[in-house]
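Let's take a look at this protein together. Have the sequence and the 3D view handy, and follow along section by section.

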Amino acid sequence: MALELWTFATPNGWKVTIMLEELIEAGIELPEVEVVTVNLMRGDQFEEPFTSINPNQKIPGLRHGDTTLMESCAILLYLAEQFPSPLLPQDDRRWNVIQWLIWQAANIGPVFGNKLSYTRYMDDVPTEQKSHPLERFNNEAQRLLRVMDQQLEGRDYLCGDSFTIADIACYPWVRGWKWSKIDITGHVNVVAWVDRVRARPAVERGLAYGFEQEEIDQWSEETKKRYARGGATIASNESIARE
Ligand SMILES: N[C@@H](CCC(=O)N[C@@H](CS)C(=O)NCC(=O)O)C(=O)O
């Protein structure tokens with residue numbers, strides 16, 4: 001039974017490509033994986049068949065036999081359960097990992113995502129209207145980074161010595177701090193964690209989805225412009241959904 005991943009090269013999409021590569025790295029024999037690109041800039045997320053897989057119309061989505069799934073963290077949990085590995089320990093560490101996974105979904109994702117959107121994509125919102133959400137999301141992002149920094153004190157990864165789905169969920173958002181203009185440099189444990197996670201071969205392979213090797217860490221000016229244009233289109237995509 002093949003795994004069909006419906007995705008795009010964005011933080012929530014990279015969570016799942018990293019997960020698949022980490023499972024392979026852990027020696028798990030995965031079924032055939034078919035990656036289907038949902039071009040968000042073209043509005044594919046509002047079309048069938050993606051909408052049947054993910055009624056929320058946002059990537060990623062997963063189909064595995066009769067199971068269809070939305071929400072990146074639910075997909076991480078599903079894959080971790082289907083293909084057991086240290087990425088989700090089965091002993092009493094399990095709920096600690098799950099709480100940090102949910103913490104990402106409820107906090108880092110929305111807050112970093114909104115900060116990014118107001119920083120780079122909301123072209124049609126006047127500057128004076130952006131200042132309040134920018135300040136609010138930046139302050140909250142800094143608070144979340146303090147929580148993360150504290151959690152990483154004396155630990156290599158969020159839940160201890162072992163890399164888990166909680167790290168996978170947080171990493172693509174935190175690594176994009178320059179693009180979202182959320183300064184992580186005052187949080188030394190977070191900075192060290194970003195480097196540690198980036199050094200994992202499977203993470204590098206997962207991040208390569210949608211990108212040439214030489215652009216994984218440093219986007220070209222052309223790519224920045226493409227994402228800025230695409231992000232602005234997505235930010236105003238509500239109109240497409242209403243048509
Ligand atoms: N909570 C969702 C968020 C998914 C999400 O926001 N995906 C973005 C890309 S990172 C998307 O598809 N945006 C398209 C749109 O808003 O139209 C998850 O974790 O899967």
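## A helix on the sheet

Helix α3 lies across β3 and β4, and its direction makes an angle of about 140 degrees with β4. Some ground rules: helices (H or I, at least four residues) and strands (E, at least two) are DSSP runs, numbered from the N terminus. Angles run from 0 to 180 degrees between N-to-C directions, with axes fitted as lines to C-alpha atoms, for helices over the stretch in contact. Two residues are in contact if their C-beta atoms, placed from the backbone, lie within 7 Å.

This is a predicted model: local features need pLDDT of at least 70, side-chain atom pairs count only at pLDDT 80 or more, and totals for chains, interfaces and linings use all residues. Residues are numbered from 1 along each chain as its sequence is written.

## The sheet itself

The strands line up as β2-β1-β3-β4 in an open sheet of 4 strands with mixed pairing (strands pair if DSSP finds at least two bridges between them). At the edges sit β2 (33-37) and β4 (67-70), each pairing on one side only.

Strands β1 (residues 3-7) and β3 (residues 61-64) run antiparallel, joined by 4 bridges. Look for tryptophan 6: its bridge partner in β3 is glycine 61.

## Two domains

The chain splits into domain 1 (3-82) and domain 2 (94-207), with bounds from an automatic or database domain assignment. Their C-alpha centres are 20 Å apart.

Where they meet, 14 residues of domain 1 are in contact with 16 residues of domain 2. On the domain 1 side, α1 gives the most, with 10 residues.
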